[in-house]
Every structure is written in C-alpha cells, then in structure tokens.
Amino acid sequence: MTPEQLQFASLDDIVFENRNKLYGAYDLRRFYNRSANRALWLGIALFGAALATPMLYNRLKPAEAPDQFMKAMELENIKVLPQEEPPVVVPPPKVELPQVPTIRNLPPEVVTEAPEDVTVPTVEDLEDKVSSDKTQEGDPNAEEVIEAPSETAGPPVMEKALEVERKPDEVFIKVEQDPQFPGGMRNLGEFLQKNLKYPPSAARAGISGKVYLQFVVNTDGSIVDVSVVKGIGFGCDEEAIRVVKKMPSWQPGKQAGRPVRVRFTLPITFTLE
C-alpha cells in the first residue's frame, strides 16, 4: 500500500491488508459502528415506549377511584347475620323468711327522771320472744331447725376409725425395729463360735467361706423356716442350719409398736486355722 493509500485507508483496511476480505470478519468490523448505533437508538426508543404506555393508558381510560373500589369490595363481603333476641331471664321468686317474735328490751340508762312508757319484760315474756330494740309479732316456730330425713341424710359418721387388722402369717422384710439375738450381735458371734463345728469333709478338702442362711423370727421370738440362700457344700450348709435351729428365742421385730414376723438373713463364716 502506497503512502497516499495509507493516508486515506481505515484501520480495517490496514488490518486486513493481504488477507481474505470475503471471509466475513472484514464486513463485521466495517459495519460494527453502524449496527451498534442502530441497536442503541432502538433500545432507547423501546424503553421510552415502555414508560409512556401506562401514562397513555391512564389518559385514555382513567381507573376507578380507589376509595370507591374498596367500598364496593367491603359491601360485597359483608354478610348480614340474623340478630338473635337475648334470652329472657326470669328472676327466682323472693322467699320471705319468717320473722322471729321480739320484745322491746333496751339496756338500762341512768337518767334523772324515769319515763312513764318504759316497761321491763319479765322472764315469762322472754321465753318465747327475743330481746330487741322494738316489739314485733312473728312466727314462734321461725327458729326451729328442720332435720333432713334419715334416709337421705347419708351414712352415719363413725366416731372411731377402723383399725387395720394385720394378717397373723404376714412376713416383713424391713420393720421399724429389727429382731435381735439375746444380748446383741456380740453374743450371737460367741454362740456361733462355741457351737459351730467344722465338718471333717470340708476340713480335708480345704473348703472355707460363708454360708448365707435365711429364717423367720416369729412374734414369740422362735426361729422357723430356716433355708440356705448361698452355700459352699461339703457339710457346711447342714452344720450352719443345725446351729441356727439350736439358737435360743430372739427378741421379735416390731412394726407400729406390735410384734411381727420378720425374715432375717444371717451369714456364717467357716475358716480353717
């Protein structure tokens, strides 16, 4: 391209020099400014039309007043409910209580001259009348109390509460006062140490441990229902039962101040020396 041609050439001509201008890119760059201007003015025109359309519509067809529209909606939604007449409440008849006959009996006052119309009621007058500040006639039976019939008066009130009878054969596990060996637990240990004999079979086998027995202390302190809860065998269980049955009577346990039957658990230890 000569200097004269470069002076009048555009940027597109310089870029696409010695290139294929029929491919399409050359025409796009050549007419880009014209297409962009057309699109810009077309967008401005459409935006203005969108803003002007509501104004033109309101001028051509004015909308109803909002207040009238709301009033019309409210009138359509209101439903007239039937009015109910309030119930007629009839007051109960007034019951007049019988008046008690009274007689005038004023407290004495200290005056200089006694009035002539003052009378003092006698004892006979006060037998069937009540002392008051005025005298009036009434029903002499007004103060009488009408008792309800015995059939509808309800069951008679018992003067004493029924005492709960305890079953004689009931056995307690825990009571207020536990049963006790005569002399306490120390004497119990001495009794077991004195009367307990180590079984020969257990001694030969080297068996030692605790035998747990359970028995019932009666209301008279006697021992019954002896059984083994946990044993070690080799004759130790039988020896423990024999010694417990040989024990003297215990002090019975008490519940609410009364002797009761109590189940007692006693561990007996067998130890080889």
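**Exercise 1. Determine which residues of α6 and α8 meet, and how the two helices are arranged.**

Step 1. Phe191, Leu192 and Asn195 in α6 meet Glu239, Arg242 and Val243 in α8, where contact means heavy atoms within 4.5 Å. By class, this contact of α6 with α8 has three nonpolar, one polar and two charged residues. Ala, Val, Leu, Ile, Met, Phe, Trp, Tyr, Cys and Pro count as nonpolar, Asp, Glu, Lys and Arg as charged, and the others, Gly among them, as polar.

The model is predicted: local features need pLDDT of at least 70 and side-chain atom pairs count only at pLDDT 80 or more, whereas totals for chains, interfaces and linings use all residues. Residues are numbered from 1 along each chain as its sequence is written, and side-chain values use heavy atoms, with hydrogens and water left out.

Step 2. Two packed helices are described by the angle between their axes and the distance between the axes. For helix α6 (residues 185-195) and helix α8 (residues 236-245), the axes come within 10 Å and cross at roughly 125°. Helices (H or I, at least four residues) and strands (E, at least two) are DSSP runs, numbered from the N terminus.

Step 3. The helices α6 and α8 are therefore oblique to each other; angles under 35 degrees count as roughly parallel, over 145 as roughly antiparallel, 65 to 115 as roughly perpendicular and the rest as oblique.

**Exercise 2. Describe the setting of alanine 203.**

Step 1. Helix α7 (residues 200-205) contains alanine 203.

Step 2. Alanine 203 counts as partly exposed because its relative accessibility is 39%; buried means under 20% relative accessible area, exposed over 50%, and partly exposed in between (1.4 Å probe, protein chains only).

Step 3. Apart from neighbours within four places in sequence, alanine 203 is in contact with Tyr198 and Leu272. Glutamate 273 lies 70 residues from alanine 203 along the chain, and their C-alpha atoms are separated by 9.8 Å.

**Exercise 3. Describe the setting of lysine 254.**

Step 1. Strand β6 (residues 253-255) holds lysine 254.

Step 2. With a relative accessible area of 33%, lysine 254 is partly exposed.

Step 3. Once neighbours within four places in sequence are set aside, the contacts of lysine 254 are Val175, Glu176, Gln177, Pro259 and Val260. Threonine 219 is 35 residues from lysine 254 in sequence and 8.6 Å from it in space, C-alpha to C-alpha.

**Exercise 4. State how many helices and strands the protein has, and what share of its residues is buried.**

Step 1. The protein has eight helices and seven strands.

Step 2. Of its 273 residues, 16% count as buried.

Definitions and conventions. Axes fitted to C-alpha atoms, helices over the stretch in contact; angles between N-to-C directions.
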